[in-house]
Amino acid sequence: MKILLASPESDVWNSRKHIHMGLGYLAGSLRTHGYKVDIWDASIEVDFETLDERLTRDPYHIIGLSAPTPLIVNAWEAAIKAKRRGVLTILGGPHLTLMPDESMHKDAVDLVVRGEAEYTIIEIMRALEKEAEIRQAKNLPPISTISSPHLNGSHKGNGTHGSTELKPQLFHAEAGWGSIMGLSWRNRDGKIVHNMERILPNDIDAIPFPAHDMFKIDRYTNLNPLTEGLDMASRTYTIVTSRGCPYKCIYCSKPITGDTWRARSVDNVVAEWEWLVKDLGATEIGVTDDIWNHNRDRAKDLCRAIIKANINHVPWVTVHGMKVNNTDRELFDLMKQAGCKRVGFGIENGDDWMLRNIIKKGQTVDMVRQAMGHAKAAKLETMGFFIFGMPGETVESMEKTINLALELDPDLAHFMMAAPFPGTAMWETLKEHGDVFSDQMDWSQLAIQSDRAHFAFGELDKETVEKKFHEAHRRFYLRPHRMARILKRKDTWMRFPYYLKTAGNMLVGLGDREPAA
């Protein structure tokens, strides 16, 4: 069986592009178990070949599509394209985990995977093999119309001869579909079945490394063009050293990795890190854990191991925000020695009341100040994430957030709009108050990069939130030392039209803003 793992085409995201770790982990698992698999990442493929063109040129038996909430419609559209070519369609990702029934009612969607999928996908492949045997014995049509009845034969034709009528696949229970935890499927009667949830594995060292070598790394960019310019020659990889987060922030949903924190062993992480540095020629590495420093001692041990392995010459960054209430000066000093060049902090708000009672962040403004101070003292670049328009937000709390950003003065301040994703406490709060939800929800609008407020709450209207959002950008980035830094950068002039458009939209809200790099 030949499988294509794909991310859907979209214009939601920005010019920064880094590898899709979800697809990488699935590819690693499939390859380890002997299946032929390829990766098609829309973010770096569409300028060379569309999904339509790829499926026409190189037919596949199965396509696995991964999508977060803003891209779910794009994933459905991709499934239609694949289905019309006789390809079995499997969808997974955060949105599918939270709302599987929505997608299972789409005729172009055959299977939905909920939660972590490295083990689920292998069980699906084995069930498909049994399904093929059952269908052959009963003289029924094969699952994939581009393949032989055994699903293992050579391709026939150009892959477009299947029926254009979209009919979801119905499966035989005796193939074992009902025993695959975390799977949604249809039985032979057409009934949608949602199997039991898959238990999160504690031993994540046992999960094969992502198939980093399968990505066309020369097409990806560096991790933060806004601080160092867009580098299209960067060989940037990402790595996940732990999964999950035990905190309960109002804006955060963790449908895939869960509310528990599971860490890989230091040795396991370093083995992957060495592969990236010594064999794949990484020039930059991004740590994409939700909360990589949850165990401070482990974080320090990992830094020491990177130094000992002599792989600290390749710079690395924490892509997502570190938890400020679990840091100290020694940690940042060790990170610096281990090659870290930039750390991000999830600051979110400058009002302690908001942090404690609304966001439930588990941190205070003073903790933020201390962590930022330690990081700067260790001579690390810093990045701060700030969110505007939370339920319960006021003009005064947003002003405090702006003032805190100015006081901390990180190398990059990333101001975002509160986005109520399914599965979050914010989503439930807004459903209760009936503000932004309808039967025809436009999922593509739920992007944190937007410069448009997603909802009004209480006495705070959308226009006021947007006004403070743009004011934050002006007050932070139009200061003389900030302007001097931007104007001195070569990339500013090489991509001047892009920066001019982006600045106009971020600073004053001109038109539909393209998300910043």
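I began with Lys 138, which is partly exposed at a relative accessible area of 46%; the classes used here are buried under 20% relative accessible area, exposed over 50% and partly exposed in between, with a 1.4 Å probe and protein chains only. I note that the model is predicted, that local features need pLDDT of at least 70 and side-chain atom pairs pLDDT 80 or more, and that totals for chains, interfaces and linings use all residues. Residues are numbered from 1 along each chain as its sequence is written, and side-chain values use heavy atoms, with hydrogens and water left out.

**Salt bridges**

I looked up the partner of Lys 138 and found a salt bridge with Glu 174, with 3.4 Å between the closest N and O atoms. A salt bridge here is a side-chain nitrogen of Lys or Arg within 4 Å of a carboxyl oxygen of Asp or Glu. Lys 138 and Glu 174 both lie in the loop between α7 and β6 (183–186), yet they are 36 residues apart. Helices (H or I, at least four residues) and strands (E, at least two) are DSSP runs, numbered from the N terminus. Glu 174 is exposed, at 52%.

I then counted the salt bridges of the structure: there are 39. One of them joins Arg 198 to Glu 123, at 3.0 Å between the closest N and O atoms. This pair links distant parts of the chain, 75 residues apart: Arg 198 sits in the loop between β7 (192–194) and α8 (225–228), Glu 123 in helix α7 (residues 120–137). Arg 198 counts as buried at 17% relative accessibility, whereas Glu 123 is partly exposed at 28%.

I also checked Lys 361, which forms a salt bridge with Glu 348, the closest N and O atoms being 2.9 Å apart.

I recorded a network of salt bridges that links Arg 296, Lys 300, Asp 301, Arg 304, Asp 328 and Glu 330.

**Cysteines**

I searched the whole structure for disulfides (a pair of cysteine sulfur atoms within 2.5 Å) and found 0. For Cys 249 the nearest cysteine sulfur is that of Cys 252, 6.3 Å away. Cys 249 is buried, at 9%. For Cys 340 the nearest cysteine sulfur, that of Cys 303, is 7.5 Å away. Cys 340 is buried too, at 2%.

**Sheet**

I traced an open, mixed sheet of 7 strands in the order β2-β1-β3-β4-β5-β6-β7; two strands pair if DSSP finds at least two bridges between them. β2 (36–41) and β7 stand at the edges with a single partner strand each, so one side of each has no neighbour in the sheet. Strand β5 (residues 111–113) and β6 run antiparallel and are joined by 2 bridges. Within them, Val 112 stands opposite Ser 184 in β6.

**Helix α15**

I listed the buried residues of helix α15 (residues 425–433): Met 426, Trp 427 and Leu 430. Seen down the axis of α15, they fall within an arc of 100 degrees, so they line one face of the helix. The arc is that of the directions from the helix axis to the C-beta atoms.
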